Amino acid sequence: MPALLTDASQDPQDMRAAVRAFPDHLEEGWRRGAAVSGFGLDGSAFDGLVVCGMGGSAIGGDLVRTLVEPTAPLPFAVNRGYTLPGWVGEKTLVVASSYSGGTEE
């Protein structure tokens, strides 16, 4: 078994702390999401959902898809490419995600 990171030079971005804080971030996200009422969207108006993001910007979409896909009544895709899937149309909800806000796409 590998030794735990004990030297800051082995973890210069302090990812260990970020991983430890992940449950708190999930709880905060759940709390904030519960406080929002629908964004004025009527889910019955959509025929599918696509979350678009490159690299880490798509991870949130992966997490949500994993949670809802078994019971989702509509297609849910995470797209990491430059083009949308062929089934995307006027009634598809497309969410574009960028962690940095400055990525090429």
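A crossover is right-handed if, with the strands pointing away from the viewer, the path from the first strand over the helix to the second runs clockwise. Helices (H or I, at least four residues) and strands (E, at least two) are DSSP runs, numbered from the N terminus. The model is predicted: local features need pLDDT of at least 70, side-chain atom pairs count only at pLDDT 80 or more, and totals for chains, interfaces and linings use all residues. Residues are numbered from 1 along each chain as its sequence is written, and side-chain values use heavy atoms, without hydrogens and water.

**Exercise 1.** Determine the strand order of the open sheet and the pairing of its strands.

*Solution.* Two strands pair if DSSP finds at least two bridges between them. S1 (residues 48-52) runs parallel to S3, joined by 5 bridges, and S1 also pairs with S2 in the parallel sense over 4 bridges. The order of the 3 strands is therefore S2-S1-S3. S2 (76-79) and S3 (92-96) are the edge strands with a single partner each, so one side of each has no neighbour in the sheet.

**Exercise 2.** State the handedness of the unit made by S1, H2 and S2.

*Solution.* Helix H2 (residues 59-68) lies across S1 and S2. The β-α-β unit of S1, H2 and S2 is right-handed.

**Exercise 3.** Is Asp62 buried or exposed?

*Solution.* Buried means under 20% relative accessible area, exposed over 50%, partly exposed in between (1.4 Å probe, protein chains only). Asp62, in helix H2, has 18% relative accessibility and therefore counts as buried.

Technical notes. Contact means heavy atoms within 4.5 Å. Axes are lines fitted to C-alpha atoms, for helices over the stretch in contact, and angles run from 0 to 180 degrees between N-to-C directions.
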